[in-house]
Amino acid sequence: MVKAVILAGGLGTRISEETMSRPKPMVTIGGKPLLWHIMKGYSTHGVHDFVICCGYMGYVIKEYFANYFLHSSDVTFDIAHNRMEIHERHAEPWRVTLVDTGEETLTGGRLRRVRRYVEDEELFCFTYGDGVSDIDVGAQLAFHRAHRRLATIAAVAPPGRFGALNITEKAVTAFVEKPVGDGGLINGGFFVLSPQVLDLIEGDGSAWEDRPVQRLIAQGQLMAWQHTGFWRPMDTLRDKITLEDLWSSGQAPWKTW
């Protein structure tokens, strides 16, 4: 069974209106945390085993999963007899491991801290907890297995404020974080990784997008899988409103379940 590691520990300062009381992946779209939407997307493609990298207000995420049935089912509390009855349990086929990876740890450091949970895997998925997509995870996994390199990045084509990729024959030859203006294909944040990449991360102060990715590129070990469908981050309140509007319209492109 393939595992998915999800970063869920950042402060989310650009959407502080929502993150004063909860971590960014717990901001809701359609009444469900963004983290739930991401997990549902993976689950559609048979990925049901998750490792969540917690940090800022990680207890909110832990409490959500500890009380998952209460959040998703009808419930009767018999106060007189100290009993609780849950009706129509809407269970997900998930196994969720929540790991405290520190409040100040950078993205690479968070991945390094969950090494024990993925180091024996053939490969694993890795993504951020603040973006949704209708990405075909199964096709990306097949692409990764076929090229036999250490890492695959989903290349997408959104606004020009994200890290741009230079790609030659599907191999990534350069990665420029947040270029000025439109940068063509960019880092869509959905990776497939072989455990060997963990050796490239130096410690808590290592940003995944910095030296680890640059080292993979230098070694010819980062391949690009192009996703031409829907992709949208939730960086700002405006992004949240856009996603809410899509969900409420019944036309959310990332809803593949």
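S43 is tucked away in this predicted model: S43 counts as buried, at a relative accessible area of 13% (buried is under 20%, with a 1.4 Å probe and protein chains only). S43 sits in helix α2, residues 34-44 (helices are DSSP runs of H or I, at least four residues, numbered from the N terminus). Leaving aside residues up to four places away in sequence, S43 touches H48, P93 and W94 (contact means heavy atoms within 4.5 Å).

**Second largest pocket**
- This pocket holds about 190 Å³ of space, the volume being what probe spheres set on the grid points fill, with points joined across faces, edges and corners.
- A pocket here is an open set of points on a 1 Å grid over the protein atoms alone, where a 1.4 Å probe fits, with protein on both sides within 12 Å along at least five of seven lines; lining residues have an atom within 4 Å of a point.
- Its lining includes F65, Y68, I86 and W94.
- The lining splits into 9 nonpolar, 1 polar and 1 charged residues, with Ala, Val, Leu, Ile, Met, Phe, Trp, Tyr, Cys and Pro as nonpolar, Asp, Glu, Lys and Arg as charged, and the others, Gly among them, as polar.
- α4 gives the most to that lining, with 3 residues.

**Whole chain**
- Of the 257 residues, 52% count as buried.
- Among contacts with a separation of 6 or more, 71% link residues 24 or more positions apart.

**Ground rules**
- Residues are numbered from 1 along each chain as its sequence is written, and side-chain values use heavy atoms, leaving out hydrogens and water.
- Local features need pLDDT of at least 70 and side-chain atom pairs count only at pLDDT 80 or more, while totals for chains, interfaces and linings use all residues.

Terms used. Helices (H or I, at least four residues) and strands (E, at least two) are DSSP runs, numbered from the N terminus. Buried means under 20% relative accessible area, exposed over 50%, partly exposed in between (1.4 Å probe, protein chains only).
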